[in-house]
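This report concerns a single protein chain, given below with its sequence and coordinates.

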Amino acid sequence: MILRFFSYIMDTCLKIFSFMLNTQAEDLAISTALPTPAEFNALRQLMGWRCMTEQQTGNALNHSLFAICARQQRRLVGFARVIGDGVMYFYVQDVMVHPGFQNQGIGQRMMQQIESWLDKNTQPGSTVGLLSAEGKEGFYQPFGYQCRPAQGIGAGMSRFVSSVRRNKP
């Protein structure tokens, strides 16, 4: 009797959870409208990433070459953008999906939009790069990105600027 009760409870919970996931996916809107700096910073915080002031964030967002937002009922749940010089170098940046909405295909949908934009706006000789979060490299590989170092192209490198200025050699 107790086993049947727990089985019923588990089955009911799975149905409710499945309904919630389907509702989230159905209510999802993808657009190229930029988020507000406050929305962007809030999503970055959820990702465990550092934030800048709203003015700095607004300036950065306005210099994007292309941006894509995922919203559920007007709530920002995903974001990604392309930055660069618009001719030779393009960087996929700030790909993020709210932790409560991950593993629902939102990141893939945003990357498909980014790749479609890149197909139309790059030319032979252009370079598209990105810095993947540790452990997320496999997400980008189906889109043609390869881990570095890779044979013939060398290691990728980055430098993050802290609040302390350092003397350059």
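The structure is a predicted model, in which local features need pLDDT of at least 70 and side-chain atom pairs count only at pLDDT 80 or more, while totals for chains, interfaces and linings use all residues. Residues are numbered from 1 along each chain as its sequence is written, and side-chain values use heavy atoms, with hydrogens and water left out.

**Overall fold**

The protein chain contains five helices and five strands. These elements are DSSP runs numbered from the N terminus: helices are H or I with at least four residues, and strands are E with at least two. Along the sequence, the order of elements is α-β-α-α-β-β-β-α-β-α. Of the 169 residues, 27% count as buried, where buried means under 20% relative accessible area, exposed means over 50%, and partly exposed lies in between (1.4 Å probe, protein chains only). The accessible surface of the protein chain is about 12,100 Å², and 55% of this belongs to carbon and sulfur atoms; such areas come from the Shrake-Rupley method with a 1.4 Å probe, and for residues only the protein chains shown count as cover. A contact is defined by heavy atoms within 4.5 Å. Among contacts between residues at least 6 apart in sequence, 60% join residues at least 24 apart.

**Salt bridges**

How many salt bridges does the structure hold? There are three, a salt bridge being a side-chain nitrogen of Lys or Arg within 4 Å of a carboxyl oxygen of Asp or Glu.

| Arg 71 | Glu 39 | 2.8 Å |

Arg 71 forms its salt bridge with Glu 39. This pair links distant parts of the chain, with Arg 71 in strand β2 (residues 66-72) and Glu 39 in helix α2, 32 residues apart. Arg 71 counts as buried at 17% relative accessibility, whereas Glu 39 is partly exposed, with a relative accessible area of 24%.

Arg 44 lies in helix α2 (residues 37-47) and is buried, with a relative accessible area of 17%. Apart from neighbours within four places in sequence, Arg 44 is in contact with Trp 49, Arg 50, Cys 51, Asp 94 and Met 96. Asp 94 counts as buried at 6% relative accessibility.

Through salt bridges that share partners, Arg 44, Arg 81 and Asp 94 are joined into one network.

**A nonpolar surface patch**

Val 87, Met 88, Tyr 89 and Tyr 91 make a nonpolar surface patch of about 360 Å². Patches are made of residues with over 30% relative accessible area and no salt bridge; like charges are joined within 9 Å, and nonpolar side chains (Val, Leu, Ile, Met, Phe, Trp, Tyr) within 5 Å. Of these residues, Val 87 is found in the loop between β3 and β4 and is partly exposed, with a relative accessible area of 42%.

Helix α4 (residues 106-121) has 16 residues, which at 1.5 Å a residue should span 22 Å; its end C-alpha atoms are 23 Å apart, which agrees. The expected span is 1.5 Å times one less than the number of residues.

Which residues of α4 are buried? They are Ile 106, Gly 107, Met 110, Met 111, Ile 114, Glu 115, Trp 117 and Leu 118. Seen down the axis of α4, the buried residues fall within an arc of 165°, so they line one face of the helix; the arc is that of the directions from the helix axis to the C-beta atoms. An α-helix has 3.6 residues a turn, so residues three or four places apart point the same way. On the other side of α4, Asp 119 and Lys 120 are exposed. The cover over the buried residues of α4 includes β1 (28-31), β2, β3, β4, β5 (127-130) and α5 (137-140).

In helix α3 (residues 54-62), the residues Thr 57, Gly 58 and Leu 61 are buried. Down the axis of α3, its buried residues fall within an arc of 100°, so they line one face of the helix. What covers them includes α2 and β3.
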